Structure formats: C-alpha cells, structure tokens
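Here are my notes on the model, point by point. They cover the charged pairs and then the nonpolar packing.

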Amino acid sequence: MPKMALSGLDLAAVVRELRESIKGSRLANIYQLGQNKFLLKLRGRGRTFRLLVELGKRAHLLSGGSEVSVPEQPPPFCMGLRKDLRGLLLADVRQRGLDRLLELVFSGREGPVRLVFELFGQGNLVLVGPDGRIKRVLRPRKMRDRELLPGREFRYPPSPELDISKPRELDLGRLRELGSLEVVRGLARLTGLGGTCAEEVLARAGVEKATPCSSLSDEELARVEEAISGLIGQVLEGPLEPRIIASGGRWLDVVPVRFVKYAGLEEVVFPTMNEAVEAYFSRLEAEGVRESVLRKLEEEVLRLEERLRLQKEALARLREEEARCREAGDLIFTRLHELNQLLKALRELREELGDWPSVREVLGELRQRGPPFSWLVDLRLGPEGPRALLAVDGVELMLDPRAQAQEAAASYYERAKKARKKAEGAAKALEETQRELEEARKRLARAREELVLEVPAARGELSAPSQPPAAVRKAWYERFRWFRSSDGFLVVAGKDAATNELLVKRYAEPGDLLLHAELPGAPFVLVKAGGRDVPESTLEEAAQMAIAYSRAWKYGLGAATAICFRPEQAKKVGPHGEKLPKGTFYIPGRKTYVRGVRPLLAIGVVRSDGRYKLIVGPVGSVANRAASFALVGPGDTPARELVREVVRELEARLGPLALSKEELERAAASIPYGHGRVLPGGRR
C-alpha cells in the first residue's frame, strides 16, 4: 500500500530544507486551491518560492516548472489570511518535536504570528496571534484535550508518551509494560513513529518486529535506542539521502534517508527531500486519477456485459416464440379438417347443455371417442370466453371453440410476425451493445496499459536538442524546438522559461494558436497558423510536442491533456493583479482541450544531400517525412543507448546508414529528460 501522507520524520527533513531556503523571505500571496490545499508564494534572496501544503498529507516546495491553477476568487478564509499575513517576513520554519505539524512564524507589527498546518488526520490550519490566541481556524473544533476556536488559547495536540526527538532521554523500558503486544506496535504507540519508521528502527536494531514487548532484553532495548538515535540524528543533522522506493514500477514510499527495510527494492534518488516529496505525491495524484478512470471503465464493461446477457436472453425468447407460433399455425392447417370437426362438436355440446362449464364437465366422456376428441386437454374459462387447450402431435394449441380453426392459425401467424419484428429490433440493439462493449473493453485495455508507470532511473535535466546545420543566417525559429507538421504548418516550442517567454511575447501573433500541457514543466507550443484553420492532425502533433517535453515523460505517464488557446489570452498578470514569473502566463477565457495525448516521439531517417539524417519529433510529422521510423516513449534507457538501439532497428530495415557521431548526439539530445525506451510500432 503506497504511503498516503508524510510521517513526522519525513516532515523533519522537509522542514530542515525549508528553513535553509525560505527563512527570511516575505509572503507575497497565499492561495486556497481546494478544501485542503494551500499555496504560499514567498519572495526573497532574489528568488520566488512556492510552498504547497495539503492538510493531512504533505508539505513541500514546488519546482520551477510546476504549474498550479489558482482560483480567480479566493474563499473568505483565504482572504482573511491574506489580510493578516501578506507582506510579512518569514522569521522561522518549525516543527514541534517530530509531530506532523508545520509551523511558519512571521514577524508581525505586534509580535510573532504563527501559521500552523496540521498534517495528521483530516488536517487543519490555524492562525495564532502574538498573544497566543487563535485568530483564524479553517475547521473550528472542540475536543477533549483542546479547543480550536477563534479567541481561545492555542494548544498543541498531545505529544506521544516518549519524545523521540531527544533519543538520549528515552525510557524504552516502558515498552515492557505493554505485555504481549508486538514490539513494532508498542514502539509506534509510545513514540508516535508510524508503522514504517518503527519497522525501520527494529530492522536497524536487529529485533524481530513480532517480538512481545514483555520479552525484550536489556541488550535489545539498548540496540533499539541506538537505532532510534542514529535514524533521528541522520535526518535532523546528518546528510539527507532522499529517495522514492518502488517495486515493480509502483511507487510505494518516499523517505529522507536510505532505509534498511527497503533493501533490494527499486530506488529513485533525488537531490532534495522537497523534490522527492513533490514527485511522489504528484505521481500519487496521477495514479489516483487513472485508477478512478479505470474503475469507471470496469463498471461500464460490467454494465454492458449484463445488458448484453439480458438482451441475448430476450432475443432467444422472441425467436422461440416466433418458431412456436409458426409451428402451431402450420399444424392447424395440417389438421384443419379434424380441428374444425372438434370445434363444431364443442359448439353443439354447448347448445345442448346450455353453457360452457357444463361442456367442461363432460370432456372425459368426449375424449373416449378418440381423435380428434382425445386431443382435448382442458377447456379453460375466462373473461375473454372459453379456450380449448389441445395437445396435437406433441404441440400445445389454444383455440377458441366459438370460431373456426383457420382464425386460430391466422392469430398464431400474426403473433409469429410480431415476435419476428421484435427479434429484429432486439438483434440490432444487441449488435449495438456488442459494439459498445468491444469499445469499452478496448478503452479498458488501453487504460490498464497506461496505468503501468515506468520508474525513471535518474533525474537528468532536459538537454536542449541541436538543430540541423545552420545556414548562413538562421531563421528565427531555429533557436527553439520546431518541426513542420504533416499538413505543412510551422510548429515551434520553447526550451525553458526564457524561450517560453520569448516565444509567446514576441512570435505568437493573432491568428496563431498556442498549446500547453496541463502539467508542470511543459513548453509553450506555437502553431504559426496566420489565421488559417488548423487541421486536427496538426493540432494533435503540436499537442504531442507539448506533452512529450512535459513531466508526463519524466514521470512515465500514459497520457495527458493539452490546452489550446489564442495568443491574446496569454497574460503576464495573474487573476489578482500579481506579476507572474518568467515563462509563466495566466490564461483566462475559453480554451480547447486535446485529451488522451500520449507522450510519444518518433525517430526517423531521411535522405538529404546524398546522406542519411535522423529527425526527432511528433509521430505524424516524422511519419510524413521519414523513409522509416521507430517510436520512443518514457523509460529508463539513457538517450545515447536509446538512439543506438533505434539506429540498429532502422538499419535492419534499410541497410547501413553511415550516420556521423554528431548526428547521433544531436538525436540523443532531443530525447526528453535524457531517458526513454523504444516502443513497438514504427514502419518500413
């Protein structure tokens, strides 16, 4: 089960880094992104920092490429925080012991003001004034040990019985008082360590986690104390080794140092704990969205399968009804003379006896005459009149004795006709359901494939790709990434914040289109349309460019969404009048969404000036130009090795290509984030 919230130990590493980076900055603004999410923008030391806090879960800085949509109108609680805190100096970043509490201390005019984020349970946010009393609280609550109400004195939640932030003062002998309780549970209960950290302490101490607390020896307690001291000391004072733990491509945990208990599992190492936490929870959110989509698709398949089953049963009943009625009609005409003789005898008996109930009483005598009278099974009397139930040649017939047998045959044929028409309609509905079910199963299969996320082996920064050999004077777009779409449109993309800014502000003109991934760390992509209608194929290729060079590639996402908008919509001023950093734009108004775009690129080979060259770009564009190409996507293979693998595949189709080292390096530099993998597909 993946970790869903930071532990106190994780938070200690995050706080340690925050204290070094954002202490001394000023709060520029605060945003409430949802019920539990808050974004703080701080400026200092010539930089802008963005601190994201999700109550009950996590806190970390956002990297420069991460994009977060902020609401145009903040909720009243957030407005109050802005009124009280905007412009104040951040004097300290604190954590009480190893509690899951993040405390930001601001220097106010009348004294220190504390903003306390609770990262446990459902979470809460409390603003404490200089007098120690609660000024604002997101969720007012009255509990047994404290009251979170405006005007009341702020009290911290109760601390664990043992304060592990001071490991040398621990009295671990109290573990023995817990009797037969497993030591891992007892340690977690007394210290407040989560189950994972408690297991890590015991693994370092060499103590079996299922050991009863009462049976712990003095030596084992000493080893546990030493393990706690070593683990806490490394996180609070020693070198951090942030990493994400994975198994089978599934991210399971994010930890500040190497954990013994995770030996043998896959690891993704990060330079800072904040980056590791951001990557982990960003991926966790993406997986949550995908699993929700997957669950809905599975439910849709089950619903369609049940509908198909019912439709098949209904169709079988209708066809059976048609066959039965047609057989009955045919039989009546085969036995027409005998049946009319029988019906006439029944009518004569009715005249003789006076009513149909009397006729019913003498059926036994009538059957003794032999066929056709022996075919009589019953004479049923109802509101619609008498009906003679017959068994003829193993077929059941129901005839009105007041009419001729021909009329009964006509009635059976009419029922067969109606059943046939209903069956035809049911068959069409069944075919439609089968088609819907087949499409739903394909969507489900694709979603299941996309749900398997590759674990990147490193966090290499994106290398800017080289461009084709320069002419005497380069065209303006050659300083960017660019390609010609399969429809002949020039499509240009930024490489970083500076080129994004330049592309949008200088080269995007009315009549063009801009695209951007709905993910952080993505380029702006410009389609130079000049007022022309942009074909869907070009739009898809531009969207693929935006997605492939976004974090969708870095994190191995199966698909993502790109937004498309007019250049006039890109604003450098945010919804609340704030100036946006370089490479960032606020996009108000109507946008078009290109959904389900896979982070894919194609590497193809073209012949130019008598020699072969490699081209890298969106699949449609490369396929339109290349003699042959291969598909690449997110993966672990280093870019140079990936390009060599592609070249071997292309040479197997076309023969020796005699590509220069510079050509191979140029193609390798075009692989997003320096890693990928070759995918099935491509063409000769």
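How many salt bridges does the structure hold? The count is 51. Bear in mind that this is a predicted model.

1. Start with Arg443 and Glu300. Their side chains form a salt bridge, 2.8 Å from N to O. Arg443 sits in helix 10 (residues 405-451) and Glu300 in helix 6, 143 residues apart. Arg443 is partly exposed at 29% relative accessible area. Glu300 is partly exposed too, at 23%.

2. Glu436 and Arg307 make another salt bridge, at 3.5 Å, N to O. Glu436 belongs to helix 10 and Arg307 to helix 6, so this pair ties together parts 129 residues apart in sequence. Glu436 has a relative accessible area of 23%, which counts as partly exposed. Arg307, at 28%, is also partly exposed.

3. Look next at Arg174 and Glu161. Their salt bridge spans 2.5 Å, N to O. Both residues lie in the loop between strand 11 (147-148) and helix 3 (183-191), 13 residues apart. Arg174 is partly exposed at 28%, and Glu161 is partly exposed at 48%.

4. One group goes beyond a pair. Salt bridges link Lys37, Glu54, Arg58 and Glu285 in a network.

5. Now the nonpolar packing. The largest nonpolar core has 129 residues, and Leu40, Leu104, Leu115 and Phe117 touch the most other members. Helix 6 (residues 273-334) contributes the most, with eight residues. A separate core has 30 residues, including Trp375, Leu379, Leu397 and Ala416.

6. Leu115 deserves a look on screen. Beyond its neighbours within four places in sequence, its contacts include Ile30, Leu40, Leu81, Phe106 and Leu127. Glu103 is also among them.

Definitions and conventions
Residues numbered from 1 in each chain as written. Predicted model: local features only at pLDDT ≥ 70, side-chain atom pairs only at ≥ 80, totals over all residues. Heavy atoms only, no water. Core = buried A, V, L, I, M, F, W, Y, C linked by side-chain atoms within 4.5 Å. Buried < 20%, exposed > 50% of the residue type's maximum accessible area, 1.4 Å probe, protein only. Helix = DSSP H or I, 4+ residues; strand = E, 2+ residues; numbered from the N terminus. Contact = heavy atoms within 4.5 Å. Salt bridge = Lys/Arg side-chain N within 4 Å of Asp/Glu carboxyl O.
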